[in-house]
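I opened the model today to look up a few items and note what I found. Entries follow in the order I made them.

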Amino acid sequence: MTLRRWTVKDVREVLSAAADFTPFPRSGGPEMERLKAALGQEEIAGLLLWAETDASAPIPVLPASLYAEFAQTGRREGYEDAQRDRRNKLYRLTLAEWLEGQGRFLTSLEDLAWARLEETNWAWPAHARALDSADHPTLDLAAAMTALDLAETDHLIGDRLAPNLRRRIRAEVERRAISPFLDRDDHWWLRTTPQKQVNNWTAVCVAGAVGAALYLEPDTDRLARIVTRGLHSLADYLETFDRQGGSSEGPDYWTYGFGNYAVLAHLLHARTNGAIDLLAGDLVRDIAQFPLRTQMAPGVWVSFSDSDSNPVFHPGLLSHLAGHMNLPGLLGLGMANDFAVEGFNQFCWPLRQYAWPLPEHTAAAQPGPHDWYADMGWMIGRLDPDDPASLRLAAKGGHNDEMHNQNDVGSFMVVAGGKVVLTDPGRGRYSKSYFGPERYQNLFASSRGHSVPMINGLEQAAGRDHAGKVMVHEHGADADRLELDMAAAYPAEAGLSSLRRSLMLDRKTPGGRVLLEDDFAFAGDEGLFQSVLVTPMAAEAGNGMVRIGDTGAGVKVHYDAAALDVALERHEGAEKQYQPAVDLTRVVFTPRRQSRSGRLALEISPLD
């Protein structure tokens, strides 16, 4: 299923026929009073108190030297953190003025809005690389989000803002976002080409530019052209999901990319009186359930690609999808309302957190025993879905040119006692090198950071041709099993003629167990085949068994001590993005004798 192929004429007709555009209540009206009653006095009072502090605080500065830091050192945090601080102050002031409606935050709000309008570049340094010229602004994630930020601020506060500020908002959003989106074709994220597939950028940038236009563009004919262009881009974005609604970017980028898709879906639905509903259809319904199907245990998700095992799903997003699409399970993912408004990159989420809070009491989501994404080769098995401490396995095939790719064909995770014991470590710290030629030297992106084999000392190679092929996928009462042909994942110099990996969640054995088997053969002379497990927990080896973690939240790994040596390689303080640094241990199993072919088997079961 793809989006309907809307024409400009079609879009113009539904825009012209729709009523006034009021996606959120105005200050002082009856809908606002109902919203405030639902939020409660305590939550609103906390926001107002914080906004009072913001009103007297200095505006964070964003000097050119800070913008240049990325180009000079590869470090992103300096500018992005200061920019985020500036934005979150404006978000809190806007929400406080919107909810209270008494004008006491207007002066500080306007000062911050002017500061944002006066920023030389709305794009992040990692994307623009240099301060832009005025006639060719970079339309990236940050610029698009800024456009929607300012448009929604203008909508919520309305004519209480100074007229010259409202005019400037329209002029800058037009110059930096709407016109570049409509009139230029040099955005790589605009459409999929033979050279480049779109990804989460498409949803975020389209939502920002088109969403801002829905608020600010008065010309219906021009707005129809903008919306139509956006719908065509989003059709390409939906093509990045597999047929079961899975995304190789992982749950973290579901909440970012598909979350922004849902933001625009809501705005278009409101602007067209429901005539354009981007959340309709079986594929989109499957996509919306991705966090339900990738949950391994309460609070733990599959962390393939540049995703983490503990993502945060925005409460407003879950609340809206659950209501609009009748998916109540999304309410029970363990997310909680948090009205602090701190650490956001865009205004849409704190706004929708206040507008659409999660219910206070919801039943926990109940995933099933098994989930399977055939196109991506992702298998998730849960020994007993009703017991959150029971053994869980997630494994992947795929290829080594996926969105936010890591060289991880055959990677897997094991969760026991509700804790990640064998890990796919997720994303490393975002820097120039992480998204440059040195990416696969990073522990997180390279196959060294994953539980996959090393062949003659070589890791997997990058590129779509370096892929796994699903040979067997089975789900039954006794076992879940995934078998992959992985030989192509390694470079030719590794000398492999064949490599088959089998991962099985054995349901018959009490307490469950995971069986890992690698059958390999070299094309010429004998070679060195090493199996690797990666864990964030303490590990110790001896007498044919490796103990990882603790009783109740750990595993024991049985191996053939007569044939294999075991080494523990410790990597301390590995830097992550948006997360504390982690310590990882690579458990390396090395045959005592090299051979031309062989089989390496490990049995993984819970510590008792």
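I started with Arg34, which I found in helix H2 (residues 30–39). I note that the model is a predicted one.

Is Arg34 buried or exposed? I read a relative accessible area of 55% for Arg34, so I put it down as exposed, the cut-off being over 50%.

I then looked up how far Arg34 lies from Ser597. The two are 563 residues apart in sequence, and their C-alpha atoms are 71 Å apart in space.

Next I turned to Lys556, and I located this residue in strand S18 (residues 553–558). Its relative accessible area is 17%. Because buried means under 20%, I logged Lys556 as buried.

Which side chain does the side chain of Lys556 make a polar contact with? I found that of Asp608, at 3.5 Å. Leaving aside neighbours within four places in sequence, I listed the contacts of Lys556: Met545 and Val546, then Glu603, Ile604, Ser605, Pro606, Leu607 and Asp608.

Last, I took up a helix pair, H6 (residues 77–100) and H9 (residues 141–157). Their axes come within 10 Å and cross at roughly 20 degrees. I recorded the crossing of H6 past H9 as left-handed.

Which residues meet between H6 and H9? From H6 I wrote down Arg87, Tyr91, Thr94, Glu97 and Trp98, and from H9 Thr146, Asp149, Thr153, Leu156 and Ile157. Sorted by class, this contact of H6 with H9 has four nonpolar, three polar and three charged residues.

Key: Residues numbered from 1 in each chain as written. Predicted model: local features only at pLDDT ≥ 70, side-chain atom pairs only at ≥ 80, totals over all residues. Heavy atoms only, no water. Axes fitted to C-alpha atoms, helices over the stretch in contact; angles between N-to-C directions. Helix = DSSP H or I, 4+ residues; strand = E, 2+ residues; numbered from the N terminus. Left-handed = near helix turned anticlockwise from the far one by under 90°. Contact = heavy atoms within 4.5 Å. Nonpolar A, V, L, I, M, F, W, Y, C, P; charged D, E, K, R; others polar. Buried < 20%, exposed > 50% of the residue type's maximum accessible area, 1.4 Å probe, protein only. Polar contact = N/O pair within 3.5 Å; in protein donor to acceptor, adjacent residues only side chain to side chain.
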